[in-house]
Amino acid sequence: MKFGSNPQHAPIGVFDSGVGGLTVARAIRDQLPNESMIYVGDTAHTPYGPRPIAEVRRLALEVMDRLVAEGVKMLVIACNTASAAVLRDAYERYDVPVVEVIGPTVRSALAITRNGRVGLIGTKGTIRSRAYEDLFRVSAGVDLTSRACPRFVELVEAGKTSGEETLAIASEYLAPLKAKEIDTLVLGCTHYPFLRGAIRQVMGPDVALVSSDIETANRVYEVLTDEQLLRPVDAGEPVIRYETTGEDGEHFADLARRMLGIEVDPVEPHPQKEN
């Protein structure tokens, strides 16, 4: 499906490995309710975290190539692992603006921390990439402690965002960060805000939790404004489309409804590259 020739009327393309990026999509819709959007969850290949970075790069570029071919006016990489894998490639590969989740989140954490001790949790792929570390390194006086939390994505995709099992796993993962007496914790995966309650229970009220959803939406607003790509207010009802690469549209819609309180029906199949 190709859109018209006027780029202002074209949709924003939002991409994630699964349901987690819906937090970013919701934040964008909250700030820019007049914008059309195509959201693609690569549920056929989720989770990205354990995969080799080269494989994540290939999978992410396949989805984004198709979104650009459909005529989106902006790409939002709403996945930390994918952002780390294609951070440089995407800016050079596409003619449309690209917004990823890592840069906006780091800038927010740097502005919030009081004692300079910052924690980072993410998938194995995000932590291995050191993409966050590279950005935090430019700020002197920041002591960053990183921790991979691979089971968090599995819990969210299964809808297990509370309960004894979730709290026990969170306590195990977060213990080293509590020991470092951090005052700011970066939720370095768009799935992790769904576990905010358990994370807050473990870390306590004095630790600021920084997630990528609102910060990324702020950046989307800035770029669309600067590039004069905002959709006109008289353009009519925006088109919102949700797609998955897997055969789990009903499960995807159910998770979105239960955890975000939004309706995403119908969920359509996203075309995949033919072998």
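A disulfide is a pair of cysteine sulfur atoms within 2.5 Å. This predicted model holds 0 disulfides. Take Cys-79 and Cys-189. For Cys-79, the nearest cysteine sulfur is that of Cys-189, 6.5 Å away. For Cys-189, the nearest cysteine sulfur is in turn that of Cys-79. The cut-off is 2.5 Å, so a separation of 6.5 Å leaves Cys-79 in no disulfide. Both residues are shielded: Cys-79 is buried, with a relative accessible area of 4%, and Cys-189 is buried at 7%.

Now step back to the whole chain. The chain has 11 helices and 10 strands. Its C-alpha atoms fill a box of roughly 55 × 40 × 35 Å along the principal axes. A compact globule of 275 residues would have a radius of gyration near 19 Å; the chain has 18 Å, which agrees. Of the 275 residues, 55% count as buried.

Last, the open space. The largest pocket has a volume of about 150 Å³. Which elements give two or more residues to its lining? They are α3 (80-93), β4 (98-100), α4 (102-112) and α10 (212-226). The lining includes Leu-87 and Tyr-91, the run Val-98, Val-99 and Glu-100, and also Gly-103, Pro-104 and Arg-107. Arg-219 and Val-223 line the pocket too, as do Pro-97 and Leu-135. By class, the lining has 8 nonpolar, 1 polar and 3 charged residues.

Notes:
Residues numbered from 1 in each chain as written. Predicted model: local features only at pLDDT ≥ 70, side-chain atom pairs only at ≥ 80, totals over all residues. Heavy atoms only, no water. 1 Å grid on protein atoms, 1.4 Å probe; cavity = no way out; pocket = protein on both sides within 12 Å on 5 of 7 lines; lining within 4 Å. Points joined across faces, edges and corners; volume = space filled by probe spheres on them. Helix = DSSP H or I, 4+ residues; strand = E, 2+ residues; numbered from the N terminus. Nonpolar A, V, L, I, M, F, W, Y, C, P; charged D, E, K, R; others polar. Buried < 20%, exposed > 50% of the residue type's maximum accessible area, 1.4 Å probe, protein only. Rg over C-alpha atoms; globule rule 2.2 N^0.38 Å.
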